Amino acid sequence: MDDSQPFRPSMSRRIFLRGLTAGAVVTALGGSTYVLASEEEEKAARETKRPDGRPRLPPSQYLLKALRPMGGTEGDPSPGAYKLKVWGEVDAPFEIDFAELLRMPQVEQTCDVHCVTKWTMLDSKWTGVRLSDLAARAKLKTTARHVVFEAVAGYTANVPLRDAMAPNVLVAHRHAGQALRVPHGAPARILVPDLYFWKSAKWLTGIRFVAADRPGYWETRGYHNHADPWKEERYG
Ligand SMILES: Nc1nc2c(c(=O)[nH]1)N[C@H]1C(S)=C(S)[C@@H](COP(=O)(O)O)O[C@H]1N2
Ligand SMILES: [Mo]
(Lines give C-alpha, C1' and ligand atoms only; values in the text may rest on other atoms or scores of the structure.)
(Ligands and ions follow the chains in the order given, each with its own letter.)
Protein backbone atom coordinates (compact mmCIF):
# COMPACT_ATOMS: atom_id res chain seq x y z
CA MET A 1 0.00 0.00 0.00
CA ASP A 2 2.97 2.31 0.67
CA ASP A 3 4.46 2.52 -2.82
CA SER A 4 2.64 -0.75 -3.48
CA GLN A 5 4.36 -2.59 -0.61
CA PRO A 6 2.28 -3.53 2.44
CA PHE A 7 3.10 -1.03 5.16
CA ARG A 8 4.83 -2.20 8.32
CA PRO A 9 5.44 0.32 11.12
CA SER A 10 9.11 1.24 11.06
CA MET A 11 10.62 3.11 14.00
CA SER A 12 13.60 4.34 11.99
CA ARG A 13 11.25 5.90 9.45
CA ARG A 14 9.27 7.67 12.18
CA ILE A 15 12.43 9.04 13.76
CA PHE A 16 13.58 10.16 10.31
CA LEU A 17 10.28 11.99 9.80
CA ARG A 18 10.43 13.59 13.29
CA GLY A 19 13.89 14.94 12.51
CA LEU A 20 12.63 16.97 9.57
CA THR A 21 11.41 20.55 9.95
CA ALA A 22 7.90 21.72 9.16
CA GLY A 23 7.25 22.28 5.49
CA ALA A 24 10.02 19.88 4.55
CA VAL A 25 9.31 18.27 1.23
CA VAL A 26 10.03 14.57 1.46
CA THR A 27 10.65 12.60 -1.71
CA ALA A 28 9.22 9.13 -1.39
CA LEU A 29 10.18 5.94 -3.14
CA GLY A 30 8.86 6.24 -6.66
CA GLY A 31 9.52 10.00 -6.76
CA SER A 32 6.28 11.41 -5.34
CA THR A 33 6.67 14.20 -2.79
CA TYR A 34 4.81 15.13 0.33
CA VAL A 35 4.91 18.00 2.82
CA LEU A 36 5.13 17.59 6.61
CA ALA A 37 3.21 19.74 9.10
CA SER A 38 4.97 21.32 12.09
CA GLU A 39 5.20 19.59 15.47
CA GLU A 40 3.02 22.40 16.90
CA GLU A 41 0.28 21.64 14.36
CA GLU A 42 0.57 17.97 15.19
CA LYS A 43 0.34 18.56 18.95
CA ALA A 44 -2.71 20.80 18.47
CA ALA A 45 -4.39 18.12 16.34
CA ARG A 46 -3.70 15.50 19.01
CA GLU A 47 -5.26 17.72 21.72
CA THR A 48 -8.26 19.00 19.73
CA LYS A 49 -11.49 17.04 19.78
CA ARG A 50 -13.90 16.57 16.88
CA PRO A 51 -17.62 17.28 17.43
CA ASP A 52 -18.05 13.50 18.00
CA GLY A 53 -15.53 13.67 20.87
CA ARG A 54 -12.73 11.78 19.13
CA PRO A 55 -9.30 13.43 18.75
CA ARG A 56 -8.58 15.22 15.45
CA LEU A 57 -5.45 13.08 15.06
CA PRO A 58 -6.13 9.34 15.42
CA PRO A 59 -3.55 7.24 17.31
CA SER A 60 -0.10 6.76 15.70
CA GLN A 61 -0.82 9.19 12.84
CA TYR A 62 1.40 12.10 11.77
CA LEU A 63 0.33 15.17 9.81
CA LEU A 64 0.87 16.08 6.18
CA LYS A 65 -0.05 19.45 4.64
CA ALA A 66 -1.34 17.95 1.40
CA LEU A 67 -2.67 14.65 0.13
CA ARG A 68 0.08 12.26 -0.75
CA PRO A 69 -0.59 10.53 -4.08
CA MET A 70 -0.60 6.83 -3.19
CA GLY A 71 -0.71 5.38 -6.68
CA GLY A 72 -3.01 2.75 -8.16
CA THR A 73 -4.10 1.91 -11.70
CA GLU A 74 -5.50 5.08 -13.26
CA GLY A 75 -8.71 5.26 -15.26
CA ASP A 76 -9.66 7.51 -18.17
CA PRO A 77 -9.84 10.98 -16.56
CA SER A 78 -11.97 12.61 -19.28
CA PRO A 79 -15.41 13.58 -17.94
CA GLY A 80 -16.90 12.84 -21.37
CA ALA A 81 -16.02 9.15 -21.05
CA TYR A 82 -17.16 8.78 -17.45
CA LYS A 83 -19.90 6.36 -16.37
CA LEU A 84 -20.92 5.46 -12.83
CA LYS A 85 -23.08 2.41 -12.21
CA VAL A 86 -25.22 2.15 -9.07
CA TRP A 87 -26.52 -1.38 -8.68
CA GLY A 88 -27.01 -4.49 -6.54
CA GLU A 89 -29.58 -4.61 -3.73
CA VAL A 90 -31.65 -1.77 -5.19
CA ASP A 91 -35.03 -1.59 -6.92
CA ALA A 92 -33.92 1.00 -9.49
CA PRO A 93 -30.32 0.44 -10.63
CA PHE A 94 -28.95 3.19 -12.88
CA GLU A 95 -25.88 4.42 -14.68
CA ILE A 96 -25.04 8.12 -14.91
CA ASP A 97 -22.47 10.11 -16.83
CA PHE A 98 -20.41 12.96 -15.43
CA ALA A 99 -22.88 15.68 -16.51
CA GLU A 100 -25.67 13.86 -14.70
CA LEU A 101 -23.51 13.54 -11.57
CA LEU A 102 -23.10 17.34 -11.64
CA ARG A 103 -26.88 17.78 -11.92
CA MET A 104 -27.42 16.01 -8.60
CA PRO A 105 -27.34 18.03 -5.33
CA GLN A 106 -23.74 19.12 -4.70
CA VAL A 107 -22.11 19.21 -1.26
CA GLU A 108 -18.98 21.16 -0.35
CA GLN A 109 -17.18 19.79 2.65
CA THR A 110 -14.01 20.18 4.67
CA CYS A 111 -12.85 17.02 6.43
CA ASP A 112 -9.79 15.10 7.61
CA VAL A 113 -8.43 11.99 5.87
CA HIS A 114 -6.28 9.25 7.42
CA CYS A 115 -4.07 6.82 5.51
CA VAL A 116 -3.14 3.49 7.09
CA THR A 117 0.51 4.25 6.23
CA LYS A 118 0.10 6.76 9.11
CA TRP A 119 -0.28 10.14 7.43
CA THR A 120 -3.30 12.35 8.13
CA MET A 121 -4.35 15.48 6.30
CA LEU A 122 -6.62 17.92 8.14
CA ASP A 123 -9.17 20.22 6.52
CA SER A 124 -9.11 18.76 3.04
CA LYS A 125 -11.75 20.39 0.80
CA TRP A 126 -14.02 18.39 -1.44
CA THR A 127 -17.08 18.79 -3.64
CA GLY A 128 -19.34 15.92 -4.59
CA VAL A 129 -22.63 14.07 -4.32
CA ARG A 130 -23.72 12.32 -1.15
CA LEU A 131 -23.72 8.54 -1.43
CA SER A 132 -27.01 8.57 0.53
CA ASP A 133 -28.58 10.64 -2.29
CA LEU A 134 -27.38 8.13 -4.91
CA ALA A 135 -28.73 5.27 -2.74
CA ALA A 136 -32.12 6.98 -2.46
CA ARG A 137 -32.24 7.51 -6.21
CA ALA A 138 -31.53 3.79 -6.73
CA LYS A 139 -34.27 2.87 -4.23
CA LEU A 140 -32.11 0.92 -1.84
CA LYS A 141 -33.66 -2.33 -0.64
CA THR A 142 -33.90 -3.06 3.08
CA THR A 143 -31.81 -6.20 2.41
CA ALA A 144 -28.70 -4.09 1.58
CA ARG A 145 -26.11 -4.33 4.38
CA HIS A 146 -22.79 -3.37 2.77
CA VAL A 147 -21.48 -1.31 -0.13
CA VAL A 148 -18.71 -2.34 -2.50
CA PHE A 149 -16.94 0.53 -4.26
CA GLU A 150 -15.67 -0.59 -7.65
CA ALA A 151 -12.83 1.06 -9.54
CA VAL A 152 -10.82 0.46 -12.70
CA ALA A 153 -8.54 -2.57 -12.91
CA GLY A 154 -10.58 -4.50 -10.37
CA TYR A 155 -9.81 -2.38 -7.28
CA THR A 156 -12.64 -2.70 -4.76
CA ALA A 157 -13.30 -1.60 -1.18
CA ASN A 158 -16.16 -2.71 1.06
CA VAL A 159 -17.88 -0.55 3.69
CA PRO A 160 -20.81 -1.41 6.00
CA LEU A 161 -23.98 0.40 4.94
CA ARG A 162 -24.13 2.25 8.28
CA ASP A 163 -20.74 3.91 7.66
CA ALA A 164 -21.42 4.44 3.96
CA MET A 165 -24.67 6.38 4.57
CA ALA A 166 -22.92 9.01 6.74
CA PRO A 167 -23.52 12.53 5.36
CA ASN A 168 -19.77 13.05 4.80
CA VAL A 169 -19.47 10.13 2.36
CA LEU A 170 -19.34 11.64 -1.15
CA VAL A 171 -18.69 10.75 -4.73
CA ALA A 172 -16.12 13.53 -4.98
CA HIS A 173 -15.08 15.25 -8.21
CA ARG A 174 -13.35 18.37 -6.87
CA HIS A 175 -10.54 18.70 -4.32
CA ALA A 176 -8.68 21.76 -3.02
CA GLY A 177 -10.57 24.15 -5.29
CA GLN A 178 -10.05 22.35 -8.57
CA ALA A 179 -11.28 19.38 -10.57
CA LEU A 180 -9.94 16.16 -9.09
CA ARG A 181 -6.44 15.49 -10.46
CA VAL A 182 -5.57 12.20 -12.14
CA PRO A 183 -3.39 10.77 -9.30
CA HIS A 184 -6.25 11.40 -6.87
CA GLY A 185 -8.87 9.58 -8.95
CA ALA A 186 -10.11 11.86 -11.77
CA PRO A 187 -12.78 12.39 -12.71
CA ALA A 188 -14.47 10.97 -9.57
CA ARG A 189 -13.68 8.92 -6.48
CA ILE A 190 -15.55 7.86 -3.39
CA LEU A 191 -14.59 9.71 -0.19
CA VAL A 192 -15.15 7.94 3.16
CA PRO A 193 -13.27 10.29 5.48
CA ASP A 194 -13.85 8.47 8.78
CA LEU A 195 -12.34 5.15 7.67
CA TYR A 196 -8.73 4.61 6.57
CA PHE A 197 -8.21 6.16 3.15
CA TRP A 198 -7.85 2.88 1.23
CA LYS A 199 -11.67 2.62 1.44
CA SER A 200 -11.87 5.81 -0.69
CA ALA A 201 -11.62 4.15 -4.09
CA LYS A 202 -10.22 6.42 -6.82
CA TRP A 203 -11.31 6.25 -10.50
CA LEU A 204 -14.69 5.02 -9.25
CA THR A 205 -16.75 3.03 -11.76
CA GLY A 206 -19.43 1.39 -9.65
CA ILE A 207 -21.31 1.42 -6.37
CA ARG A 208 -22.70 -2.00 -5.59
CA PHE A 209 -25.03 -2.53 -2.65
CA VAL A 210 -24.89 -6.09 -1.30
CA ALA A 211 -26.65 -8.18 1.35
CA ALA A 212 -23.59 -10.30 2.20
CA ASP A 213 -20.22 -8.64 2.78
CA ARG A 214 -17.53 -8.90 0.06
CA PRO A 215 -14.05 -7.98 1.30
CA GLY A 216 -12.21 -5.87 -1.28
CA TYR A 217 -8.69 -5.52 -2.68
CA TRP A 218 -6.79 -4.69 0.52
CA GLU A 219 -9.25 -6.44 2.81
CA THR A 220 -8.34 -9.75 1.14
CA ARG A 221 -4.61 -8.93 1.45
CA GLY A 222 -4.23 -8.73 5.22
CA TYR A 223 -5.84 -5.37 5.95
CA HIS A 224 -8.74 -4.94 8.37
CA ASN A 225 -12.26 -5.41 7.06
CA HIS A 226 -13.61 -2.26 8.75
CA ALA A 227 -10.64 0.18 9.02
CA ASP A 228 -11.62 2.59 11.83
CA PRO A 229 -8.57 4.88 12.38
CA TRP A 230 -9.49 5.60 16.03
CA LYS A 231 -9.53 1.88 16.82
CA GLU A 232 -6.38 1.38 14.73
CA GLU A 233 -8.14 -1.26 12.66
CA ARG A 234 -5.14 -1.65 10.34
CA TYR A 235 -4.62 -5.37 9.88
CA GLY A 236 -7.17 -8.15 9.69
N1 LIG B 1 -8.69 2.66 -7.57
C2 LIG B 1 -7.87 2.78 -6.50
N3 LIG B 1 -8.28 3.52 -5.47
C4 LIG B 1 -7.48 3.67 -4.38
C5 LIG B 1 -6.22 3.05 -4.31
C6 LIG B 1 -5.81 2.27 -5.43
O7 LIG B 1 -4.72 1.68 -5.46
N8 LIG B 1 -6.66 2.17 -6.51
N9 LIG B 1 -5.43 3.23 -3.19
C10 LIG B 1 -6.11 3.59 -1.95
C11 LIG B 1 -5.20 4.00 -0.90
S12 LIG B 1 -4.26 2.77 -0.16
C13 LIG B 1 -5.18 5.29 -0.43
S14 LIG B 1 -4.28 5.71 0.94
C15 LIG B 1 -5.88 6.37 -1.13
C16 LIG B 1 -4.87 7.43 -1.52
O17 LIG B 1 -5.50 8.50 -2.17
P18 LIG B 1 -4.59 9.65 -2.78
O19 LIG B 1 -3.64 9.00 -3.75
O20 LIG B 1 -5.54 10.60 -3.39
O21 LIG B 1 -3.82 10.26 -1.62
O22 LIG B 1 -6.54 5.92 -2.28
C23 LIG B 1 -7.17 4.67 -2.16
N24 LIG B 1 -7.93 4.43 -3.36
MO1 LIG C 1 -3.42 3.93 1.84
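This is a predicted model: local features need pLDDT of at least 70, side-chain atom pairs count only at pLDDT 80 or more; totals for chains, interfaces and linings use all residues.
**Around ligand 1**

Let us start with the ligand. Ligand 1 is surrounded by 20 residues, and the closest are Arg68, Met70, His184, Arg189 and Lys202. Sorted by class, this shell holds 13 nonpolar, four polar and three charged residues. Polar contacts to ligand 1 include the ones in this table.

| Residue | Part of the residue | Atom of ligand 1 | Distance |
|---|---|---|---|
| Arg68 | backbone N or O atom | oxygen | 2.6 Å |
| Arg189 | side-chain N or O atom | oxygen | 2.8 Å |
| Ser200 | polar backbone atom | nitrogen | 3.1 Å |

How much of ligand 1 does the protein bury? Taken alone, ligand 1 exposes 530 Å², and the protein buries 96% of that area.

**The five-stranded sheet**

Now for an open sheet of five strands. Their order is β5-β4-β13-β8-β9, with mixed pairing. The edges belong to β5 (residues 94-97) and β9 (residues 156-160); each has a single partner strand, so one side of each is left without a neighbour in the sheet. From one strand to the next, the twist averages 15°.

Inside this sheet, β4 (residues 83-88) and β13 (residues 204-210) run parallel and are joined by four bridges. Trp87 has Arg208 of β13 as its bridge partner.

Another strand to look at is β10, which spans residues 170-175. Is β10 mostly covered or mostly open? Five of its six residues are buried, so by the cut-off of under 20% relative accessible area this strand is mostly covered.

Which strands pair with β10 in the antiparallel sense? One of them is β7 (residues 119-130), which pairs with β10 over five bridges; here Thr127 stands opposite Arg174 of β10. Another is β12 (residues 189-191), antiparallel to β10 over three bridges. In that pairing, Ala172 has Arg189 of β12 as its bridge partner.

Together β10 and β11 form a hairpin with two residues between them. In the turn, Ala176 has a positive phi of about 55°.

Conventions:
Residues are numbered from 1 along each chain as its sequence is written. Chains are lettered from A and ligands numbered from 1 in the order in which they are written. Side-chain values use heavy atoms; hydrogens and water are left out. A residue is near a molecule or strand if one of its heavy atoms lies within 4 Å of it. A polar contact is a pair of N or O atoms within 3.5 Å; within protein, one must be able to donate a hydrogen and the other to accept it, and residues adjacent in sequence count only if both atoms are side-chain atoms. Accessible areas come from the Shrake-Rupley method with a 1.4 Å probe; for residues, only the protein chains shown count as cover. Ala, Val, Leu, Ile, Met, Phe, Trp, Tyr, Cys and Pro count as nonpolar, Asp, Glu, Lys and Arg as charged, and the others, Gly among them, as polar. Two strands pair if DSSP finds at least two bridges between them. Axes are lines fitted to C-alpha atoms, for helices over the stretch in contact, and angles run from 0 to 180 degrees between N-to-C directions. Buried means under 20% relative accessible area, exposed over 50%, partly exposed in between (1.4 Å probe, protein chains only).
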